[in-house]
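User: I am new to reading protein models. Can we go through this one step by step?

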Amino acid sequence: MARRNPGAVDARPFGPGGRRPAIDDAGWVGAAQRVDSPNRDARPPGTTVTLAVIHGISLPPGRFGGPGVVDLFTNRLDPDAHPYFAGIAHLRVSAHFLIRRRGELFQFVACGERAWHAGASSWRGRAGCNDYSIGIELEGTDDRAYTAAQYLRLARLVRLLRRRYPLPDLAGHSDVAPGRKTDPGPAFDWDRLRRLLAAG
């Protein structure tokens, strides 16, 4: 059986059969693999989503493809499964989306709800980024190039979100929590993302 090329990019729109992607009234992306996280709550009344925060994550650090990230976001991370996990298994965190190395899309929290991804944060002088942002995790590290499939999927996701929400701003976790966070790191190519978004 031939192995799939890890750098291959799925050129179809989002959903199977070439269907246009959709977001339901609660903010679930129909083509994403849904894995509900308990680590969420309601956004403050009247809040408008205006920011997408791009993160980078791998668990264990530098290893890709395992269940660690999903387990962390669903409070199932085994502290004994890896030495690194012992220090983070107690955390209650989540993001709205995770994009794997091959471009697979997972969604843990509806866009209409608040995911616990940014922590203590501020953007353009406004604190509490979780209140008004969508958190998008990319499986990766600060110093290892993200994949073509991830950039393509991210651009498609951002375009989809922008059709539903007034989402003028994109920022890294390091931008909203400087000095505390470094992801998505220097390996993330913002110009590449901007070119893909401009290309439509």
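Analyst: Start with a cut-off: a residue is exposed when its relative accessible area is over 50%, and buried when that area is under 20%. Keep in mind that this is a predicted model.

User: Which residues on the other side of α4 are exposed?
Analyst: Begin with the buried residues of α4, which are W190, L193 and L197. They cover an arc of only 60 degrees around the axis, so they sit on the same side of α4. The other side carries the exposed residues R195, A198 and A199.

User: Why can residues three or four places apart point the same way?
Analyst: Think about how the helix turns. Residues three or four places apart point the same way because an α-helix has 3.6 residues a turn.

User: What do the buried residues of α4 pack against?
Analyst: Helix α4 spans residues 190-199 and lies across β3 and β10. Its angle to β10 is about 155 degrees. The packing partners of its buried residues are β3, α2, β10 and α3.

User: Which backbone nitrogen does a side-chain oxygen of D189 reach at the start of α4?
Analyst: Look at both ends of the helix. Just after α4, G200 takes a positive phi of about 75 degrees. At the start, a side-chain oxygen of D189 comes within 3.2 Å of the backbone nitrogen of D191.

User: Which strands are the edge strands of the open sheet?
Analyst: The open sheet has six strands with mixed pairing, in the order β1-β5-β4-β9-β3-β10. An edge strand pairs on one side only.

User: How many bridges join β3 to β9?
Analyst: Strand β3 covers residues 51-57 and strand β9 covers residues 133-139. The two run parallel. Across the pair, G56 stands opposite L138 in β9. The number of bridges joining β3 to β9 is seven.

User: At about what angle does α2 run to β9?
Analyst: Helix α2 spans residues 148-164. It lies across β3, β4, β5, β9 and β10. Its angle to β9 is about 170 degrees.

User: Which backbone oxygen does the side chain of R162 reach?
Analyst: R162 is in helix α2. Leaving aside neighbours within four places in sequence, R162 contacts L167, P168, L170 and L197. The side chain of R162 comes to 3.0 Å from the backbone oxygen of L167.

User: Is R100 buried or exposed?
Analyst: R100 forms a salt bridge with E139 at 2.9 Å, N to O. R100 lies in the loop between β4 and β5 and E139 in β9, so the pair ties together parts 39 residues apart in sequence. E139 has a relative accessible area of 3%, so E139 is buried. R100 is at 10%, so R100 counts as buried.

User: How many residues apart are D41 and R114?
Analyst: Their side chains meet in a salt bridge at 2.6 Å, N to O. D41 is in strand β2 and R114 is in strand β6, so look at the sequence: the pair links distant parts of the chain, 73 residues apart.

User: Is D71 buried or exposed?
Analyst: D71 lies in helix α1. The side chains of R76 and D71 meet in a salt bridge at 3.9 Å, N to O. R76 counts as exposed, at 52% relative accessibility. D71 is at 17%, so D71 counts as buried.

User: How many salt bridges does the structure hold?
Analyst: Some belong to a network that links R34, D36, R40 and E113. The structure's total is ten.

Key. Residues are numbered from 1 along each chain as its sequence is written. This is a predicted model: local features need pLDDT of at least 70, side-chain atom pairs count only at pLDDT 80 or more; totals for chains, interfaces and linings use all residues. Side-chain values use heavy atoms; hydrogens and water are left out. Helices (H or I, at least four residues) and strands (E, at least two) are DSSP runs, numbered from the N terminus. Buried means under 20% relative accessible area, exposed over 50%, partly exposed in between (1.4 Å probe, protein chains only). Contact means heavy atoms within 4.5 Å. A polar contact is a pair of N or O atoms within 3.5 Å; within protein, one must be able to donate a hydrogen and the other to accept it, and residues adjacent in sequence count only if both atoms are side-chain atoms. Two strands pair if DSSP finds at least two bridges between them. Axes are lines fitted to C-alpha atoms, for helices over the stretch in contact, and angles run from 0 to 180 degrees between N-to-C directions. The arc is that of the directions from the helix axis to the C-beta atoms. A salt bridge is a side-chain nitrogen of Lys or Arg within 4 Å of a carboxyl oxygen of Asp or Glu.
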